[in-house]
Amino acid sequence: LCAISWHRAFQVDEVETIHAAYNVASGKLIYRDFWQGHHPLLYWLLGAVLPVDAPAAAFHLSRGLALLVLGTTVALSARVTARLGGLPLLTAAVLLLHTTFVERGMEVRPDGLMTLLVVAALAVGGGTAGSPRRRAVIQGALLGVAFLVTQKAAIASFAFGCVWLFEAIRSRDPLRVLLPFLVW
């Protein structure tokens, strides 16, 4: 994957993403100095580490970070699968053999970081550490951060919200839905 990622042509959305992060790194402000259609968190995060004086290196560094996010997403997905009693190696293999997942995952785009944060929220929900209310609050925080990366996180957030609502009704604890919603 590293060799493919390094030699693969940059897709037009990646160029836009890296250019926006490069603008942030060079001191420009989103929405004032340039327009961007996604929420700003990814550009701020990338902008903090991109070398302003080496634009070509910024592209490869960004692609390397996207590959790290992809690998972490696959590993965390396998861990969630193991916790649920499934086959973690099969999960990792299916994800790594799914061409769309891998091709988009190695690209520098908001969706990769959002996916990692959603899988992290799933991992927290399936865990046993802390109270169910605390786990839901952590999920709300992770999904809120995902929303700061891209508005597409609202779809997953709605699904989590339905689960929180169901759990709040089942446990007769309205805070099980209110707290994660407020944190989100």
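Predicted model: local features only at pLDDT ≥ 70, side-chain atom pairs only at ≥ 80, totals over all residues.
1. Aromatic pairs overall. Three aromatic pairs turn up when the whole structure is searched. Two of them, Phe-10 with Phe-59 and Phe-160 with Trp-164, are taken up below.

2. Phe-10 and Phe-59. The ring centres of Phe-10 and Phe-59 are 5.1 Å apart and the planes meet at 80 degrees, so this pair is edge-to-face; the cut-off for that class is over 60 degrees. The two residues are 49 apart and the pair links distant parts of the chain. Phe-10 sits in the loop between helix 1 (2-7) and helix 2 (12-25), while Phe-59 belongs to helix 4 (residues 55-83).

3. Surroundings of that pair. Phe-10 has a relative accessibility of 27% and therefore counts as partly exposed. Phe-59, with a relative accessible area of 23%, is partly exposed as well. Phe-10 also has a charged neighbour: Arg-63 lies over the face of its ring, at 4.2 Å from the ring centre.

4. Phe-160 and Trp-164. Here the ring centres are 6.3 Å apart and the planes are at 50 degrees, so the pair is tilted. The angle falls between the limits of 30 degrees for stacked and 60 for edge-to-face. Both residues are in helix 9 (residues 153-171), four residues apart, or about one turn of the helix. Phe-160 and Trp-164 are both buried.

5. Tyr-31. This residue is not a glycine, yet its phi is positive, at about 75 degrees. Tyr-31 is located in the loop between helix 2 and helix 3 (41-49). Its relative accessibility is 48%, so Tyr-31 counts as partly exposed; the limit for exposed is over 50%.

6. Arg-172. Arg-172 is part of the loop between helix 9 and helix 10 (175-183). With a relative accessible area of 77%, Arg-172 is exposed.

7. Helix 4. How far does helix 4 reach from its first C-alpha to its last? The span is 42 Å for 29 residues, close to the 42 Å expected at 1.5 Å a residue. Phe-59, the partner of Phe-10 in point 2, lies in this helix. After helix 4 comes Gly-85, which has a positive phi near 90 degrees.

Key:
Residues numbered from 1 in each chain as written. Heavy atoms only, no water. Phe/Tyr/Trp six-rings, centres within 6.5 Å; stacked < 30°, edge-to-face > 60°. Buried < 20%, exposed > 50% of the residue type's maximum accessible area, 1.4 Å probe, protein only. Lys NZ or Arg CZ within 6 Å of the ring centre and 35° of its normal. Expected span 1.5 Å × (residues − 1).
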